[in-house]
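Subject: Structure for your files

Hello,

Here is the structure you will need for the next discussion. Please open it alongside the notes below.

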Amino acid sequence: MAGHSKWANIQHRKKRQDDKRGKLFSKLIREVMVAAKIGGPDPADNSRLRLAVDKAMSANMPKDTVERAIKRGCGDADSAAYEEIRYEGYGPGGVAVLIDCLTDNRNRTVSEVRHALGKHGGSLGNSGSVTYLFSAVGVLSYAPGTDADNLMDQAVEAGADDLAVLGDESVEVLTQPQDFVTVRQGLTEAGQAPDHAEVTMRAQTLVELEGDEALKLMKLVDGLEELDDVQNVYTNASIPDALYAD
């Protein structure tokens with residue numbers, strides 16, 4: 001897509017996360033605790049916990065912090081009981097917005113999410129109003145210049161679904177969410193460790209935003225991500241790279 005770079009977008013998101021590292025750690029710890037509570041303390045037998053631990057370690061969280069979070073999730077009776085909630089809504093330009101939360105107070109969370117949406121020109125939608133526009137997918141990203149032909153052979157061998165060379169010459173390997181860990185491990189062992197990897201919600205079609213509407217959406221996403229209970233925010237917007245620059 002002219003004027004848009006998936007690789008640049010990944011770098012911008014990583015920088016924003018680095019700038020908010022303290023809050024990011026709190027969210028990652030919460031996810032580790034919930035994953036351990038639901039599926040047990042052993043990442044080898046708990047794929048969700050393995051993803052949460054890998055994400056925490058990728059953000060340079062100390063190993064002992066991760067281990068304490070696992071113990072709290074499994075054995076601390078005084079730890080908060082978190083509930084998973086997904087809110088759906090609309091942003092500037094009518095773009096779809098998915099907001100995944102972990103909360104110990106549903107009323108507080110919905111109030112904060114509704115306020116953030118309204119403050120930045122969005123609105124809260126009904127359950128099911130935009131989820132159908134997104135699909136869960138594992139994405140392993142490689143920098144521009146990666147040898148796509150060589151990577152393709154190894155990705156297929158590892159069990160990936162597809163490989164795409166994007167307009168900026170970066171490469172994506174796509175997997176089913178349940179195959180993500182296996183594919184990433186297989187590629188890493190084959191000497192093809194991804195530069196960035198995640199299980200995400202990806203929109204099937206994108207809405208291009210520019211100018212004021214794009215800036216308003218970026219402020220909306222930032223406002224939602226600032227909320228303690230919000231874990232992830234997804235939209236179906238495509239925004240020009242230049243608007244991400246400081």
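Predicted model: local features only at pLDDT ≥ 70, side-chain atom pairs only at ≥ 80, totals over all residues.

Residues are numbered from 1 along each chain as its sequence is written, and side-chain values use heavy atoms, with hydrogens and water left out.

The chain has 8 helices and 10 strands (DSSP runs numbered from the N terminus: H or I of at least four residues for helices, E of at least two for strands). Of its 246 residues, 43% are buried (under 20% relative accessible area; exposed is over 50%, partly exposed is in between, with a 1.4 Å probe and protein chains only). Among contacts (heavy atoms within 4.5 Å) with a separation of 6 or more, 71% join residues 24 or more positions apart.

Helix H2 spans residues 21-39 and includes isoleucine 38. Isoleucine 38 is exposed, at 58% relative accessible area. Leaving aside neighbours within four places in sequence, isoleucine 38 contacts Arg48 and Glu84. Its C-alpha is 8.5 Å from that of glycine 73, 35 residues away in sequence.

Arginine 30 is also in helix H2, but is buried at 13% relative accessibility. Beyond residues up to four places away in sequence, arginine 30 touches Tyr82, Leu102, Thr103, Asp228, Asp229 and Gln231.

Regards
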